[in-house]
Amino acid sequence: MGTKAVGAARLRPLEEPTRAVEAGVWIGCSHRGAGVGGSVLRHLLDQARADGFAMVFVSTGPNNKAVHRLIEGLGVDLVHNDDAVTAWVNLAEAQSS
Ligand SMILES: CC(C)(COP(=O)(O)OP(=O)(O)OC[C@H]1O[C@@H](n2cnc3c(N)ncnc32)[C@H](O)[C@@H]1OP(=O)(O)O)[C@@H](O)C(=O)NCCC(=O)NCCS
């Protein structure tokens, strides 16, 4: 069986604070709601922890309920700004797997 790309994900180390990295996940619209995004985000958190990072930053739009739900599922508070919703995931506390 072949593999198929349905989205993209990245970890981008931040200059400040140290040992922090930004996580980004994008899943194609036709493949959303099937658990892929959640699985990828948990994998990114595991990877960040394995790479020695302490904190993961996530930023999304105010209407992206799926990522809000994923972050809240980690027990992390969302910060609602005018045009963005952000969160800092403490890898020592978050349950990612
Ligand atoms: C955020 C994103 C990656 C989620 O991908 P996905 O594959 O649809 O996510 P999942 O199927 O794993 O769903 C995640 C959770 O959101 C819920 N959910 C999915 N779609 C939803 C919707 N439209 N409204 C409310 N909740 C929704 C799911 O039920 C699931 O919750 P659960 O684990 O408690 O059941 C995807 O919507 C996306 O690419 N968005 C645009 C890019 C973006 O904003 N990325 C965030 C930056 S990190």
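Asp-77 counts as exposed because 9 C-beta neighbours lie inside 10 Å of this residue, where a residue is called exposed if 12 or fewer other C-beta atoms lie within 10 Å of its own, buried if there are 20 or more, and partly exposed in between, with C-beta atoms placed from the backbone. Asp-77 is found in the loop between α2 and β4; helices (H or I, at least four residues) and strands (E, at least two) are DSSP runs, numbered from the N terminus. Although Asp-77 and Trp-88 are 11 residues apart along the chain, their C-alpha atoms are separated by 8.0 Å.

The model is a predicted one, in which local features need pLDDT of at least 70 and side-chain atom pairs count only at pLDDT 80 or more, while totals for chains, interfaces and linings use all residues. Residues are numbered from 1 along each chain as its sequence is written.

Strand β4 (residues 79-80) is joined to β5 by 2 bridges, and the two run antiparallel; strands are taken to pair if DSSP finds at least two bridges between them. His-80 has Val-85 of β5 as its bridge partner, and β4 and β5 form a hairpin with 4 residues between them. Strand β5 (residues 85-90) is also linked to β3, by 6 bridges and again in an antiparallel arrangement, with Met-55 standing opposite Asn-90 of β5.

The ligand is surrounded by 22 residues, of which the closest are Arg-32, Gly-37, Gly-38, Lys-65 and Ala-66; a residue is included if its C-beta atom, placed from the backbone, lies within 6 Å of the molecule. Two or more residues of this shell are given by each of β2 (20-27), α1 (36-50), β3 (55-60) and α2 (65-73), and α2 gives the most, with 6 residues.
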